[in-house]
Amino acid sequence: MLPRPRGILFLISRAAWLAAVLLFLPGDLLADTYTSNVVCRSGLAVERREELASKLRKITGWNNLRFDTVGALRLGTNPLGGSKQARELLSQVVTGSAAVVIEDASKRADVAFCQVLPGKWRTNVQDTRPAFVVQIDFADFESVIGDAPALQAFDAGWGLLHEFDHVVHNSLDATCLGETGECEAHINEMRRECGLPERSEYFHTYSPLTAHSPFISRLVQLSFEQEEAKSRRRKRYLLVWDANLVGGLTEDKKIASMR
Ligand SMILES: [Zn+2]
């Protein structure tokens with residue numbers, strides 16, 4: 001009989017309990033190279049796991065990257081194109097010193113796109129590794145419209161990498177308008193390696209369209225830039241979404257924030 005997977009509960013900050021069950025591989029595989037520190041929570045549907053894997057395959061060039069049958073992230077081999085730095089980041093998080101659970105937080109008002117929260121092992125669990133929960137609101141990404149190159153540079157795969165960078169490098173986000181911040185600066189280097197436009201700011205801002213909209217919407221925009229090869233001119237690409245649906249508005253600063 002195979003050993004039973006261990007069930008682990010995390011205490012999420014803001015005093016909210018989330019039953020995040022880590023589905024570790026059977027014990028006979030734990031000690032070798034099959035070990036992965038990144039696992040999907042059981043509520044993350046197989047279709048969403050494949051959606052995430054597909055986006056990560058495109059970014060990394062690892063065509064055989066996948067989530068296995070118990071939801072553990074398995075890195076690929078023999079990359080074809082893609083971002084070298086994204087492969088390095090994924091390797092560091094999968095083999096690193098922290099445990100990471102990926103959770104589906106779609107349509108949750110308190111999650112705008114993605115966020116990572118610190119976890120705490122339950123008292124009856126022996127594991128003392130640092131633990132984190134990455135929450136992804138897939139519905140938020142589906143509500144974004146805009147220029148195709150910017151849409152390719154801003155999806156759930158890029159959002160996951162952003163949160164992984166926080167976990168691995170303890171990198172910081174921007175605190176002022178007009179900055180990209182340490183974390184997104186790393187992600188922009190990966191976008192460059194993929195031939196995609198770079199995010200030119202961390203905070204999204206109110207769209208001029210909001211003032212003219214006949215609907216009760218709070219349109220915000222986020223800009224990306226890329227230098228054209230021939231003209232050497234920087235071309236701007238825009239994404240727009242309704243912050244009433246996505247969330248993330250910070251009223252006191254009159255700007256929209258996203259972790
Ligand atoms: Zn962040």
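Helix 2 (46-60) and helix 5 (148-152) each contribute at least two residues to the lining of the largest pocket; helices (H or I, at least four residues) and strands (E, at least two) are DSSP runs, numbered from the N terminus. The structure is a predicted model, in which local features need pLDDT of at least 70 and side-chain atom pairs count only at pLDDT 80 or more, while totals for chains, interfaces and linings use all residues. Residues are numbered from 1 along each chain as its sequence is written, and side-chain values use heavy atoms, with hydrogens and water left out.

**The largest pocket**

Helix 2 provides the largest share of this lining, 4 residues. The lining consists of S54, K55, K58, I59, L151, Q152, D155, W158, C194 and L196. A pocket is an open set of points on a 1 Å grid over the protein atoms alone, where a 1.4 Å probe fits, with protein on both sides within 12 Å along at least five of seven lines; lining residues have an atom within 4 Å of a point. The space in the largest pocket is about 190 Å³, a volume being the space filled by probe spheres set on the points.

**Helix packing**

Helix 3 (residues 84-95) packs against helix 7 (residues 181-193) at an angle of about 130°, and their axes are 7 Å apart. Axes are lines fitted to C-alpha atoms, for helices over the stretch in contact, and angles run from 0 to 180 degrees between N-to-C directions. The two helices, helix 3 and helix 7, are therefore oblique to each other; angles under 35 degrees count as roughly parallel, over 145 as roughly antiparallel, 65 to 115 as roughly perpendicular and the rest as oblique. At this contact (heavy atoms within 4.5 Å), K84, Q85, A86 and L89 of helix 3 meet E189, M190 and E193 of helix 7.

Two strands pair if DSSP finds at least two bridges between them. The following table lists pairings in the model.

| Strands | Direction | Bridges |
|---|---|---|
| Strand 3 and strand 6 (residues 99-104) | parallel | 3 bridges |
| Strand 10 (residues 198-199) and strand 12 (residues 219-227) | antiparallel | 2 bridges |
| Strand 12 and strand 13 (residues 234-242) | antiparallel | 9 bridges |

V39 has V101 in strand 6 as its bridge partner, and E198 has E225 in strand 12. Strand 12 and strand 13 form a hairpin with 6 residues between them, and R232 in the turn has a positive phi of about 65°.
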